[in-house]
Amino acid sequence: MEQAAGSPPKLLDRMREALRLRHYSIRTETSYVDWARRYILFHGRKHPATLGATEVSAFLSHLASERNVSASTQNQAKSALLFLYREVLAVDLPWLEEIVQAKARQKLPVVLTQREVSALLDELNGTMWMIVALLYGTGMRVLEGLRLRVKDIEFERREIVVRDGKGGKDRVTMLPENLMLPLRKQLAAAKVLHDGDLADGLGRVWLPDALSVKYPNAPKTWGWQYVFPAPQISIDPRSGVRRRHHILPDSVQKAVRGAAVRAGIVKPCTPHVLRHSFATHLLQSGYDIRTVQELLGHEDVSTTMIYTHVLNRGGRGVVSPLDHI
């Protein structure tokens, strides 16, 4: 049912506006709004303003005990509700922050051997090979790789500038020698696609932080285009504008899973595993942990320390007494 003219915006619409005003990503916006909707439905469609600590705790406990969600998922739900109360309803509820944060279990990352990475790449070709090779060769997260812009590849300096990474930070990583020629070919193919879009009256890419308002011609320029443009034009879910987006992460995830099966890799294999493998293989090659931390964009070196487990062969390098018999 459509909202009546002149009536105040609905709560979830207000939440979307607040998230966009604060420049949250569309993925975070979708997740937060969905958690707010689930919270409202869980309590019989009661308005959140009429609910309190007991109801929030009951919802989060339901997620953990009955839905068996992970600690990170439960914490995301809590963050969404904290945003709803603080930023949308303008209600200061100190009890919400005091609700115990779910503690994530410490797990060692899944890491492929170099032979397994090679086998995985052998099962891919074209653009998907290029993306997967880039993730492994640079340590980028999948969305960082897919959001890569033409202007951020420095062939002469053999660097790639990763913009707006986790936490909104920029960083620099290496451009592998083995990707120089494939990347140039990828850019040539993307340029043909962009020129065709311009001829069709399109070709305006999405720009962050309202840069398209400050520089109205920038969205059409070649430097701002995605290195990995989507094969089809789509509708921007926020603005409704028809434009070409980048390849979706779901496509990469599906390609990696399929390649892993064909390669006979029995480990759980996702695009993020390539980032783990990048860090692990650098440490095995003798690079210091601070360098790896910088390349990964970790704020704290303790996050990077998780990869040092590979430097100790099982049991922290202790030789089993069975091997002395």
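Tutor: Happy to! A residue counts as buried when its relative accessible area is under 20%, as exposed when that area is over 50%, and as partly exposed in between. Please keep in mind that this is a predicted model.

Let's begin with Asp197, which is buried, with a relative accessible area of 7%. The side chain of Asp197 meets that of Arg244 in a salt bridge, at 2.7 Å from N to O. Asp197 belongs to helix H9 (residues 180-199), while Arg244 sits in the loop between strand E5 (242-243) and helix H11 (249-263), so this pair ties together parts that lie 47 residues apart in sequence. Arg244 is buried too, at 14% relative accessibility, because the limit for buried is under 20%.

Among the residues involved, Lys151, Asp152, Arg163 and Asp170 are linked in a network. Asp152 is buried, at 2% relative accessibility, whereas Lys151 is partly exposed, with a relative accessible area of 32%. Arg163 forms a salt bridge with Asp170, and their closest N and O atoms are 3.5 Å apart. Here Arg163 is partly exposed at 43% relative accessibility, and Asp170 is also partly exposed, at 47%.

As for why such contacts can form, side chains of opposite charge can pair when their charged atoms come close.

Terms used
Residues numbered from 1 in each chain as written. Predicted model: local features only at pLDDT ≥ 70, side-chain atom pairs only at ≥ 80, totals over all residues. Heavy atoms only, no water. Buried < 20%, exposed > 50% of the residue type's maximum accessible area, 1.4 Å probe, protein only. Salt bridge = Lys/Arg side-chain N within 4 Å of Asp/Glu carboxyl O. Helix = DSSP H or I, 4+ residues; strand = E, 2+ residues; numbered from the N terminus.
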